[in-house]
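Please examine the ligand and its surroundings in the structure shown below.

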Amino acid sequence: MKNKDGRKLRRQGALLVISGPSGAGKGTICKALLRSSPAIHYSISVTTRAKRAGEEHGVNYWFLSEERFQEMRNKNELLEWAEVYGNYYGTPRRYVEEELAAGHDVILEIDIQGAMKVKHSFPQGVFIYILPPSFDELEHRIVTRGTDSESVIRKRLGCVKQELTCAKEYHYVVVNDIVETAVSQVKSIIEAEHCRISRNTAVIEQICTCGSLVNEK
Ligand code: 5GP
C-alpha cells in the first residue's frame with residue numbers, strides 16, 4: 001500500500017493456507033491466482049513422492065530422498081510436515097519466514113494435517129478450504145487427470161469423507177465448480193484480509209501521528 005506521496009506503507013504479509021481433497025482443484029486455483037497476482041509468493045514444498053510426468057524439481061516441489069527429508073525435519077528446517085498418502089511432504093521454514101518478514105503474502109498449498117500444525121504456530125494465518133461441487137465430479141477429475149495409478153486413486157478417494165469433516169477448522173470455504181469464480185472468491189478473501197486492522201497498524205499509526213496519509217508540505 002502507498003500513501004498519496006507514493007511512499008510505501010508497510011502492511012504485514014498474509015500467510016494463506018489452501019487445502020482441500022485431492023482433485024478439488026487447489027493446484028489449478030493457485031496457478032491462476034499466481035498468474036494474476038504476481039505479488040503473491042508460492043512456497044515450494046519438499047516431498048519424498050516420486051516426480052510425475054511433467055513435474056520439475058524446484059518448480060512443483062523440491063523432490064528429496066527420505067534421508068534428506070528426515071535431515072531437514074530433524075534440523076527444524078520445516079515449518080510443518082506430514083505423511084500424506086504414504087509419502088512425506090513439508091514446508092521449508094526459511095522461505096516463508098523471510099517473505100512474511102518482507103511484507104509479502106505467501107501461499108501454502110498443503111494437506112489438512114500440515115494446515116492444523118501451521119494454525120497452531122501461525123494463528124494469524126488465513127485458512128481456505130477448497131471443495132469440489134460433488135463426489136462424482138471429484139472422482140471424475142482425479143481419474144481424467146491421469147496422473148495416478150488405480151490404487152493411488154482409490155486411496156485418495158477413500159480419504160475424502162474423513163478429510164471433509166476437518167473443513168470446519170478453516171476460516172473460509174470455496175466451492176470450485178467454475179474455476180474463474182473460485183479464483184475470484186479467493187482473491188476477494190485476500191483483499192478482505194489485507195484490510196484487517198491487525199495487518200494495518202502502520203497505516204493507523206501514520207494517520208494518528210500525521211493526521212492523514214498525505215505528508216503536509
Ligand atoms: P500431490 O502428491 O497430489 O502433489 O499432493 C498430495 C497432498 O499433499 C495434497 O493434499 C497437497 O496439498 C499436500 N501437500 C503438498 N505439499 C505439502 C506440504 O508441504 N505439507 C503438507 N502437509 N502437505 C502438502
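Q: How far is an oxygen atom of the ligand from an N or O atom in the side chain of Thr91?
A: This is a predicted model, in which local features need pLDDT of at least 70, side-chain atom pairs count only at pLDDT 80 or more, and totals for chains, interfaces and linings use all residues. Residues are numbered from 1 along each chain as its sequence is written, and side-chain values use heavy atoms, leaving out hydrogens and water. Between the side chain of Thr91 and the ligand oxygen, the distance is 3.4 Å.

Q: How much of the accessible area of the ligand does the protein cover?
A: Accessible areas come from the Shrake-Rupley method with a 1.4 Å probe. On its own, the ligand has 510 Å² of such area. The protein covers 93% of it.

Q: Which side chain has a polar atom 2.5 Å from an oxygen atom of the ligand?
A: The side chain of Glu80 places an N or O atom 2.7 Å from a nitrogen atom of the ligand. The distance of 2.5 Å to a ligand oxygen belongs to a polar side-chain atom of Tyr61.

Q: How many disulfides does a search of the whole structure find?
A: A disulfide is a pair of cysteine sulfur atoms within 2.5 Å. The sulfur of Cys166 is 11 Å from the closest cysteine sulfur, in Cys159, and therefore too far for a bond. Cys210 is also in no disulfide, as the nearest cysteine sulfur, in Cys208, is 9.8 Å away. The number found in the whole structure is 0.

How values were computed
A polar contact is a pair of N or O atoms within 3.5 Å; within protein, one must be able to donate a hydrogen and the other to accept it, and residues adjacent in sequence count only if both atoms are side-chain atoms.
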